[in-house]
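Hi,

Here is the structure for your files. My notes follow below it.

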Amino acid sequence: MTNIKDLAKMAGVSVTTVSRVLNNHPYVSEEKKNAVLEAVKISNYHKNINAVHLSTGKTSLMGVVLPFSDHPYFALLLKGIAKKALEYNYKLVLFQTDYTESRELEALQMLKQKQIDSLIICSRTCDLSTIEEHLPYGPIVLCENIKGNKVSTTFVNHYKIFLEALEYLYHKGHNKIGYCIGRRSGTNSRERESAYRDFVKKYNLPYKSDYVMDECYYFEDGEKVIKQIQEMDTPPSALLVTSDQVAAGMVTCCKNRRISIPDELAIIGFDNQPIAKMMNITTIEIPLEDMGKNLFLQAVNGELSDEELPAKLIERGTV
């Protein structure tokens, strides 16, 4: 395999001159530059990218950890990250974990081994202490509200917006309100639970554990939720649903079962995805693409920062 010493010999120049030509250094005579380029062409020389990475200390690769690649929430986050990656000439290495801790650890190990320059974790299952242990090896950015820690974050205040949506439903006349989430663990889920418990305490409402439904990620899970509440003796009259996809599935199921929305069941979705607009679903707008862009910039800059982006209620026809 041809190396730069071989090129220097073929072109009749020094190794330093060859290095300057290969790296587009301006201070090389046209004659020597052409001689080197001719040697490159004849020998079919290609740069050893691994050697380049070792010499520069950078790979221009950024890791992105996400549990699912087919979920609209994470797809929009990734869209924002990818737009900035293209702008900054970075390539992305995706780790789809399905919330398996060992896969998250693989991504952290790649950062430790300098195979990637930085790491964005869109949602995690491993302990924060594990992430902090890997901070000496490169920037790590999280998509959750953990201000005051050693890790940079971009987030929406889920406690605040969840409480706002609960208050909105209460003042619409609802006092039997439930909610649907993906998983019960995780920072965002804990914020939502805290908001819900504070809400029912404030208005002296009973806390009903069956009003909290988890494992709700996709359109088809909407039917599962409707079946659950129809089996309850005292079903909720309103639901906060932390995915527009699930909310859309619920609206479709209610239509098929002749359940009137919002008269019999009010629904608020999350994320303001296109399907919410198409189906006229009231939703909470989360600026996911902007969050993705900010996550990328934090990972590139490597400076410790916490960035809160605003969420807002979009009123439509399901409340």
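Just after α2, Asn 24 takes a positive phi of about 60°. This is a predicted model, so local features need pLDDT of at least 70, side-chain atom pairs count only at pLDDT 80 or more, and totals for chains, interfaces and linings use all residues. Residues are numbered from 1 along each chain as its sequence is written, and side-chain values use heavy atoms, with hydrogens and water left out.

Helix α2 spans residues 15-22. Helices are DSSP runs of H or I, at least four residues; strands are runs of E, at least two; both are numbered from the N terminus. Thr 17, Val 18, Val 21 and Leu 22 of α2 are buried (under 20% relative accessible area, 1.4 Å probe, protein chains only). They line one face of the helix, because they fall within an arc of 135° seen down its axis (directions from the axis to the C-beta atoms). These residues pack against α1 (4-11) and α3 (30-43) (contact: heavy atoms within 4.5 Å).

Now the sheet. Six strands form an open sheet with mixed pairing, in the order β7-β6-β8-β9-β10-β12 (pairing needs at least two DSSP bridges between two strands). The edge strands are β7 (212-213) and β12 (312-314). β6 (177-180) and β7 run parallel, joined by two bridges. In that pair, Cys 180 stands opposite Met 213.

Last, the cysteines. The structure holds zero disulfides (a pair of cysteine sulfur atoms within 2.5 Å). The Cys 180 sulfur has its closest cysteine sulfur in Cys 216, 4.6 Å away, too far for a bond. Cys 180 is buried, at 0% relative accessibility. For Cys 143, the closest is Cys 122, with 6.1 Å between the sulfurs, also too far.

Best wishes

How values were computed: Buried < 20%, exposed > 50% of the residue type's maximum accessible area, 1.4 Å probe, protein only.
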